[in-house]
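Please open the model in a viewer and keep the sequence panel at hand. The stops below are given in the order in which they may be selected.

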Amino acid sequence: MSRRLRAVIATLLMTSGIPAAAADLRPDQKAFRALFEEMVNTDTSATTGSCTLASERLLARMRAGGFKAGEADLFVPEGKPKDGGVIARIAGTDPKAKAILLVDHIDVVAAKREDWSRDPFTLGEEDGWFIGRGVIDDKALVAIWADMLIRMKAEGFRPRRTIKFAATCGEESGLATNGVKWLIANKRDAVDAGFALNEGGHGLADKDGNPIAMLLAVGEKHSQTFTIEARNPGGHSSRPRADNAIYDLADALEKIRAFHFPVTPSPVVTAYLERMGPVFGGDKGAAMTAFAAGKADDAQQKLVFGDAMLNAMLRTTCVATTFDAGHAVNALPQRARSTIQCRLLPGDTTENVQKTLAALLPAGVTLLPPERDGDPTAIAPPLTPAILGPAEAVAKVQFPGVPVVPNLLTAGTDGRYLSAAGIPTYGVPGIAIDADGNGAHGLNERVRVRSVYAGRDYLYDLVKRYSLAR
């Protein structure tokens, strides 16, 4: 054990103060809140922070909770001193049963103090809200997983399946080493499991913060970036011509804008529409229900496709995200270029999307070869009773009357690496968020206090149920 880690543990054991706002919490909730606060208060952004520092503090709490070397350890990729993480486990009683992996990223999106109304790296609690960078993406879940293992250790809980935990860096920024990819390549046993529970799922709250659905993410879309470019000899702006690189590129963008990839509803998305239709209600809910049954009329299809989230769940999408053109205000442009960000449904391929985009482009506009970072394409995990059943059973107790709804995550997580490595990965429900996303990746990120504690209780019971199942 390093001298630095001993010092962190000593400080932790001597610290007993709990903020007054948390005075009415249960003892186990107070311990969780202190851990959560320490994680939020540690800057883990790629530009100004350190995942290793946060991981050392997390490991110190696990050591204080009884985890010895080999049961919980720090890992730091070679040459990346700030990109460390933590791996831990509670051994199961059945060596033949495949493990469960609890995984989540400890890094956050950068946040500038001058942009926020408060210090983004100091946990705030006001009017029933936790406020700070990472409170929803994704320090709450990291803290819940670590706190869960500490509680289980204190209880002497013996799961049938080994429960593994990995807190990693590099999910939010390519500037840091991705800890999940690194573990798969260098410490495969630390993450090898029958299935993994990850971010990506969540509860959905109404305007008053009451949960109306628990979303279980079953698969995610794959991100692929393309670039289109128009070139021209250019010339003097006093002698404009019909051919113009900007106009040519604008024509290409209009074609991309007007094009829609085919609708391909998967069983997961169909189940989402079936279960969420009654939750939303009204014309939109009726349209979702009819669409799931294959009976939507033109007006109902228009309602479904008009919802950006539903449309993204039903088809591969491509959209222009950047534009760069011209070299002088008094010159005809010699080059115009735009970035096209595509999100592929599981089963779609980069080659197919590239071919489709190329066919749309008018003469004079070129689709450049896509940049490839070696990331795998999306593989949808199976939606089985062994996964859905326990999630529903615990929800009936913790959130009576609230349905568990499978859904396709339109964004991306580290789950893509695990699924490609043969470890089916699911985004867990639990913490209810609002329709506006609670400021994740934005200013004054927030989450309802009661949602965090309710989600923590739900996930504790859920993981126990999974770990004891046969």
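A residue is called buried when its relative accessible area is under 20%, exposed when that value is over 50%, and partly exposed in between. The model on screen is a predicted one.

**First stop: the end of helix α9**

Select F291, whose relative accessible area is 14%; since this is under 20%, the residue is buried. F291 belongs to helix α9, residues 282–292. Within this helix the buried residues are G285, A287, M288, A290, F291 and A292. Now display the elements around them: the cover over the buried residues of α9 includes α8 (267–280), α10 and α11 (308–314). Step just past the helix to G294, where phi is positive, at about 75 degrees.

**Second stop: two aromatic pairs**

A pair of aromatic rings is described by two quantities, the distance of the centres and the angle of the planes. In this structure there are 10 aromatic pairs. Select F36 and F130: the ring centres are 5.2 Å apart and the planes meet at 80 degrees, so this pair is edge-to-face. The pair joins distant parts of the chain, with F36 in helix α2 (residues 27–40) and F130 in strand β5 (residues 129–131), 94 residues apart.

Move to T52, in helix α3 (residues 51–64). At 7% relative accessibility, T52 is counted as buried. Show the side chain of T52 and the backbone of P81: a polar atom of the former lies 2.7 Å from the backbone oxygen of the latter. What else is in contact with T52, leaving aside its neighbours within four places in sequence? The contacts are L74, V76, P81, K82, D83 and G84.

Begin with D137 and D138, which are joined by a cis peptide bond with omega at about 10 degrees. D138 is in the loop between β5 and α4 (139–155).

Then select D127, in the loop between β4 (124–126) and β5. Phi of D127 is near 50 degrees, a positive value in a residue that is not glycine. D127 is exposed, with a relative accessible area of 76%.

Finish this stop at N438, in the loop between β18 (432–433) and β19 (446–448). N438 likewise is not a glycine, yet its phi is positive, at about 60 degrees. Is N438 buried or exposed? N438 is buried, its relative accessible area being 0%.

**Last stop: the cavity**

How many cavities of 30 Å³ or more does the structure hold? There is 1. About 100 Å³ of space lies in the largest cavity. Select G219, E220, T413, T425 and G427, which lie nearest the centre of this cavity among its 16 lining residues. Then colour β9 (211–220), α14 (415–420) and β17 (425–427), each of which supplies at least two residues of the lining. By type, the lining residues divide into 5 nonpolar, 8 polar and 3 charged.

Methods: Residues are numbered from 1 along each chain as its sequence is written. This is a predicted model: local features need pLDDT of at least 70, side-chain atom pairs count only at pLDDT 80 or more; totals for chains, interfaces and linings use all residues. Side-chain values use heavy atoms; hydrogens and water are left out. On a 1 Å grid over the protein atoms alone, a cavity is a set of points where a 1.4 Å probe fits but cannot get out, and a pocket is an open set with protein on both sides within 12 Å along at least five of seven lines; lining residues have an atom within 4 Å of a point. Grid points are joined across faces, edges and corners, and a volume is the space filled by probe spheres set on the points. Helices (H or I, at least four residues) and strands (E, at least two) are DSSP runs, numbered from the N terminus. Ala, Val, Leu, Ile, Met, Phe, Trp, Tyr, Cys and Pro count as nonpolar, Asp, Glu, Lys and Arg as charged, and the others, Gly among them, as polar. Buried means under 20% relative accessible area, exposed over 50%, partly exposed in between (1.4 Å probe, protein chains only). A polar contact is a pair of N or O atoms within 3.5 Å; within protein, one must be able to donate a hydrogen and the other to accept it, and residues adjacent in sequence count only if both atoms are side-chain atoms. Contact means heavy atoms within 4.5 Å. Rings of Phe, Tyr and Trp (its six-membered ring) pair if their centres lie within 6.5 Å; planes under 30 degrees apart count as stacked, over 60 as edge-to-face and the rest as tilted.
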